[in-house]
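Here are some notes to read alongside the structure.

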Amino acid sequence: VSSIIGISGDVTGCVVITLCEKTALQLASALIGDELPGMDDDCIDAIGEIANMVAGSAKNGFPVDATSLSVPTVVIGKHQVNYPSAIPIISVPCETTEGMFGVDIALKEVTPTN
C-alpha cells in the first residue's frame with residue numbers, strides 16, 4: 001500500500017508512505033480508534049491522512065505561501081511509484097509496534113527563471 005502526496009511551488013516533488021497491507025490496516029485502525037475489517041474506504045482514507053500528517057509536518061520548513069500539497073493518492077496492490085525525474089530520493093525506514101513502513105521524500109527547490 002502506498003500513499004503519495006505531490007508537492008508543487010517553490011519546492012517540488014513528492015512524499016510517499018509505503019507499507020504492507022497488514023501494517024496499513026493496523027495503523028489505520030489505531031488512527032480511527034476502531035478495528036477495521038479490511039482495506040475499505042475508511043482504511044484508505046486513514047492511510048491518506050497519515051501521509052497528509054507526514055507531508056504537512058515536512059511542509060513547515062517550506063516557503064508557506066509558495067508551496068502546495070496535493071490530495072493523497074492511495075495505491076493498493078502490486079505497483080511501482082513513479083518519482084519525479086532528476087530528484088534525489090531520501091528513504092527513511094520506520095518501525096512501529098504495528099509493523100514497518102517506509103517514507104520516501106523526493107524534493108528539490110525550484111529555481112526561478114528570468
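Helices and strands here are DSSP runs, helices of at least four residues and strands of at least two, numbered from the N terminus.

1. Confidence. Please keep in mind that this is a predicted model. The average pLDDT of the protein is 87, and 95% of the residues reach at least 70. Among the elements, strand 4 (residues 73–75) has the highest mean pLDDT, at 93, while strand 3 (residues 67–69) has the lowest, at 84.

2. Overall layout. What does the secondary structure come to? The protein has two helices and six strands. Reading from the N terminus, the order of the elements is β-β-α-α-β-β-β-β. The radius of gyration is 15 Å, close to the 13 Å given by the globule rule for 114 residues, so the protein is as compact as a globular protein of that length. Along the principal axes, the C-alpha atoms fill a box of roughly 55 × 25 × 25 Å.

3. Burial and contacts. Of the 114 residues in the protein, 32% are buried. Looking at contacts with a separation of 6 or more, 57% of them join residues 24 or more positions apart.

4. The helix pair. How do helix 1 and helix 2 cross? The axes of helix 1 (residues 21–32) and helix 2 (residues 41–59) come within 9 Å, and the crossing angle is roughly 80°. Angles of 65 to 115 degrees count as roughly perpendicular, and the two helices are therefore roughly perpendicular to each other. On the helix 1 side, the contact is made by A24, L25, L27, A28, L31 and I32, which meet D42, C43, A46, I47, E49, I50 and M53 of helix 2. By type, these residues divide into eleven nonpolar, two charged and no polar.

5. Two buried threonines. T23 belongs to helix 1 and is buried, with a relative accessible area of 4%. Setting aside neighbours within four places in sequence, T23 is in contact with E98, G99 and M100. Which residues does T67 touch, leaving aside its neighbours within four places in sequence? The contacts of T67 are I7, S8, G9, D10, V11, K59 and F62.

6. A positive phi at A86. This residue lies in the loop between strand 4 and strand 5 (89–96). The phi of A86 is near 60°, which is a positive value in a residue other than glycine. For background, most residues other than glycine have a negative phi. Is A86 buried or exposed? With a relative accessibility of 72%, A86 counts as exposed.

7. V71 in the loop. V71 sits in the loop between strand 3 and strand 4. It is exposed, having a relative accessible area of 67%.

How values were computed: Residues are numbered from 1 along each chain as its sequence is written. This is a predicted model: local features need pLDDT of at least 70, side-chain atom pairs count only at pLDDT 80 or more; totals for chains, interfaces and linings use all residues. Side-chain values use heavy atoms; hydrogens and water are left out. Axes are lines fitted to C-alpha atoms, for helices over the stretch in contact, and angles run from 0 to 180 degrees between N-to-C directions. Angles under 35 degrees count as roughly parallel, over 145 as roughly antiparallel, 65 to 115 as roughly perpendicular and the rest as oblique. Contact means heavy atoms within 4.5 Å. Ala, Val, Leu, Ile, Met, Phe, Trp, Tyr, Cys and Pro count as nonpolar, Asp, Glu, Lys and Arg as charged, and the others, Gly among them, as polar. pLDDT is the predictor's confidence in each residue, from 0 to 100. Buried means under 20% relative accessible area, exposed over 50%, partly exposed in between (1.4 Å probe, protein chains only). The radius of gyration is taken over C-alpha atoms; the globule rule is 2.2 Å times the number of residues to the power 0.38.
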